Amino acid sequence: MSADNSGGNVSVPLRNLLNSIQCIRDRVRDGESKESDGQFHLSSFWVSLNQAVKVVNQEATKLSLAFSKPPPPSQQDVETLSSSALQSVLGLATVYYWLPKSRGVSLRRKVREATVEVLEAVAQLVEVILSAPLQSLSQEQLISTGGVWSACDHFATLPQDNKKAVLMVLSDQIGVVKDAIDEMEQALSEAQDPYSDVLDIDQEPRGNQDTYWSEKDRRVIGPCQGLMKAAAACLKKLTSVVKANGDVSTSQNLAQLDDLADITKEISPGLDDLALCLYPPMEYSGVESNVSKLAALLKKVLEIIRSSHVCGESQLTWVQFLEGAVDHNLQKAKDLIQQDS
């Protein structure tokens, strides 16, 4: 027996609930909060937000349990459950909107992402209930209910202020950049033909340089790797100084932290573009273009670090060192590319 065929038409309140949740989710994803005219207390916000998440979790669980075994709930019961679930979702969205952008864009993005994740999980649960038979608890419904719990649990790991939010962004970037560097080093250390693993066992190795690096290719890769490592060092050093000197007490400092988070998120795509064009057959003009773009981005990152409140006199030494490393590797890559051309 499906939701459409149960006693009373229980699908109507469920479909209304689903449509409402999806509308709220879209508004949270795309909308902007209003700056509070009154005094905003971050600590009170977190108390209210965590309570709102707890209520959503409870109401979603009640809804799932009601459809976990026969007999199915009556239409009136479903209307009551749907109304309570909708009120909990509205409550969560309302509390999210309390958080003003002036407390940090990076923080607000993290809270928004987590809120949208919960709304999507509840919507998915309602969709499964609508589509699954009611005789027994389906595997899909178990998974969807667990998805709601997992999304709600995510709130316990959220950064509590903009400094912590920026540090989370930096940590993610360090991981991505490290993976790209490790992947390139592994490719270089393996067989001469980096595509040998995709050839059939009985297929003859292809005797052309479209499948492996020439000696010149490998020389060019050297300074490109140096630039990648400079990017990794920059992110690690920045993380250290944000931990030590990051300040969220003024709007200017909050904005500077957001600027640092935004610019560093451009590093991994730039590094990926460079790494991708290093694989054979290497096209030198593409390598030169991407190495120049990554170098320019790193110089921009270092300049923003230099002008921000996290950079004191003691930090200027490593900023200058990394600027020199970027220039050195860029010039070396260009010189090697131009050789014998």
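**Figure 1. Met 184 is a buried residue, with a relative accessible area of 1%.** The model shown here and in the other views is predicted. Met 184 belongs to helix H6. Leaving aside residues up to four places away in sequence, Met 184 touches Trp 213, Gln 225, Ala 275, Leu 278 and Tyr 279. Tyr 279 is 95 residues from Met 184 along the chain, and the C-alpha atoms of the two are separated by 9.0 Å. Ala 275 and Leu 278, both touched by Met 184, are also among the residues that H9 brings to its contact with H6.

**Figure 2. Gln 225 sits in helix H7, which covers residues 215–245.** The relative accessible area of Gln 225 is 17%; buried means under 20%, so Gln 225 counts as buried. Its contacts, not counting residues up to four places away in sequence, are with Met 184, Glu 185 and Leu 188. Met 184, one of these contacts of Gln 225, lies in helix H6.

**Figure 3. Helix H6 (residues 162–189) packs with helix H9 (residues 267–278).** The angle between the two helices is about 10°, and their axes are 10 Å apart. Angles under 35 degrees count as roughly parallel, and H6 and H9 are therefore described as roughly parallel to each other. On the H6 side the contact is made by Gln 173, Val 176, Val 177, Ala 180 and Met 184. H9 contributes Ile 267, Ser 268, Leu 271, Asp 272, Ala 275 and Leu 278. By class, the residues of the contact of H6 with H9 are 8 nonpolar, 2 polar and 1 charged.

**Figure 4. Helix H4 (residues 105–131) crosses H6 at roughly 75°.** The axes of H4 and H6 come within 7 Å. Angles of 65 to 115 degrees count as roughly perpendicular, and this description therefore applies to H4 and H6. From H4, the residues in the contact are Val 105, Ser 106, Leu 107 and Lys 110. They meet Asn 162, Ala 165, Val 166, Met 168, Val 169 and Asp 172 in H6. The contact of H4 with H6 divides into 6 nonpolar, 2 polar and 2 charged residues.

**Figure 5. Aromatic pairs: the structure holds 4 of them.** Phe 40 and Phe 45 form a tilted pair, at 5.9 Å centre to centre and with 45° between the planes. Phe 40 has a relative accessible area of 15% and is buried. Phe 45 is likewise buried, at 2% relative accessibility. Ring pairs link Phe 40 and Phe 45 with Trp 46 into a cluster. A further pair is formed by Tyr 96 and Tyr 97, whose ring centres are 5.2 Å apart. The planes of Tyr 96 and Tyr 97 stand at 55°, so this pair is tilted. Tyr 96 is buried, at 0% relative accessibility, whereas Tyr 97 is partly exposed, with a relative accessible area of 23%.

**Figure 6. Two Pro-Pro peptide bonds are cis: Pro 70 to Pro 71 and Pro 280 to Pro 281.** Omega is near 0° for the bond from Pro 70 to Pro 71. Pro 71 lies in the loop between helix H2 (42–66) and helix H3 (75–98). For the bond that joins Pro 280 and Pro 281, omega is about 0°. Pro 281 is placed in the loop between H9 and helix H10 (284–307).

**Figure 7. The whole protein, for orientation, has 11 helices and 0 strands.** Along the sequence the pattern is α-α-α-α-α-α-α-α-α-α-α. The protein has 341 residues, of which 48% count as buried. Among contacts with a separation of 6 or more, 81% are between residues 24 or more positions apart. The accessible surface comes to about 16900 Å², and 51% of this surface belongs to carbon and sulfur atoms.

Key: Residues numbered from 1 in each chain as written. Predicted model: local features only at pLDDT ≥ 70, side-chain atom pairs only at ≥ 80, totals over all residues. Heavy atoms only, no water. Helix = DSSP H or I, 4+ residues; strand = E, 2+ residues; numbered from the N terminus. Buried < 20%, exposed > 50% of the residue type's maximum accessible area, 1.4 Å probe, protein only. Contact = heavy atoms within 4.5 Å. Areas by Shrake-Rupley, 256 points an atom, 1.4 Å probe, with all protein chains shown as cover. Phe/Tyr/Trp six-rings, centres within 6.5 Å; stacked < 30°, edge-to-face > 60°. Axes fitted to C-alpha atoms, helices over the stretch in contact; angles between N-to-C directions. Parallel < 35°, antiparallel > 145°, perpendicular 65-115°, else oblique. Nonpolar A, V, L, I, M, F, W, Y, C, P; charged D, E, K, R; others polar.
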